[in-house]
Amino acid sequence: MNSLGAPGVLLGIAIFLHASYLGHSYLQSEVDYDGQLSIDLQHALDDTPESAFKSRGSIDIRSIRSGFVDIDQDVIAPEDAAKISALRNGVYRLRAKVTTGSGKKSSFLTFVDGCSLYESGLSDILTVSLDHSGHPMAVSLSTTKGVCDGSTVDAKTLRMFNTTVLISHMEQAPIPDTSAYIQKLEREKEARDRGETKDNRSFFAKYWMYIVPVVIFVLISSAANPEGAAGNAGGGR
């Protein structure tokens, strides 16, 4: 069997480290990029497939790195507040149309239980997930009310959305620390060259490749010739 040996292993690790460094540099430069996003919000106030979406407002993310945002949402008309109250047994749907600083457009659809939105007093959380280059991957909606309990809220709280915007960045995978492993390989190689390496393994661990075939051969021979084994045992009486 051919073996790469320590030089081959060291060369492979060196190549891996170089590639990891280049990848890390690329990701780091992209993460350092600070851009802007504009989000147009539209919501459906009827829990039916053919329900039309109407404007809810807009969100301008001034800095995807610092998370500074401007939120401008419409005042809810009394008839729309009544529709939101009626959604307690349905689903509230939100469509987010996102435009990046470079003009790239994308659209995302998200939803929550109507009861959780109603019982939270229209306090919702909009999470914008970004990839390593700052482009949106998803927009998800949640509320501050985790579980509906059938409570009733004051109609005055249904006049305006109280929205919190969270920006979620893609996390970089950790780069393995291989320098200590390389140093260990070098020390082991130097010890072998000086003849200082001692084999502290047990007898079976050292010679199992010789012991196992003999045991298997004996077992196969016994299974293949049971009559002979029985005859030898009978002749001894």
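**View 1. The five-stranded sheet.** Five strands make up an open sheet with antiparallel pairing, in the order S3-S2-S1-S4-S5. Strands here are DSSP runs (E, at least two residues), numbered from the N terminus, and two strands pair if DSSP finds at least two bridges between them. Strand S3 (68-73) and strand S5 (105-113) are the edge strands, each pairing on one side only. From one strand to the next, the twist averages 20°; such angles are taken between N-to-C directions of axes, which are lines fitted to C-alpha atoms, and run from 0 to 180 degrees. The structure is a predicted model, in which local features need pLDDT of at least 70 and side-chain atom pairs count only at pLDDT 80 or more, while totals for chains, interfaces and linings use all residues. Residues are numbered from 1 along each chain as its sequence is written, and side-chain values use heavy atoms, with hydrogens and water left out.

**View 2. Gln-42 and the pairing of S1 with S4.** Strand S1 (residues 37-44) contains Gln-42. S1 pairs with strand S4 (residues 91-100) in the antiparallel sense, over eight bridges. Arg-95 is the bridge partner of Gln-42 in S4. Gln-42 counts as buried because its relative accessibility is 14%; buried means under 20% relative accessible area, exposed over 50%, and partly exposed in between (1.4 Å probe, protein chains only). Leaving aside residues up to four places away in sequence, Gln-42 touches Phe-53, Lys-54, Ser-55, Arg-56, Arg-93, Leu-94, Arg-95 and Lys-97. Contact here means heavy atoms within 4.5 Å.

**View 3. The three-stranded sheet.** A mixed, open sheet is formed by three strands in the order S7-S6-S8. Strand S7 (136-143) and strand S8 (162-169) each have a single partner strand, so one side of each is left without a neighbour in the sheet. The twist in this sheet averages 20° from one strand to the next.

**View 4. Parallel pairing of S6 with S8.** Eight bridges join strand S6 (residues 123-130) to S8 in the parallel sense.

**View 5. The S6-S7 hairpin.** S6 and S7 form a hairpin, with five residues between them. Their pairing is antiparallel and runs over seven bridges. In the turn, Gly-134 has a positive phi of about 85°.

Notes:
Helices (H or I, at least four residues) and strands (E, at least two) are DSSP runs, numbered from the N terminus.
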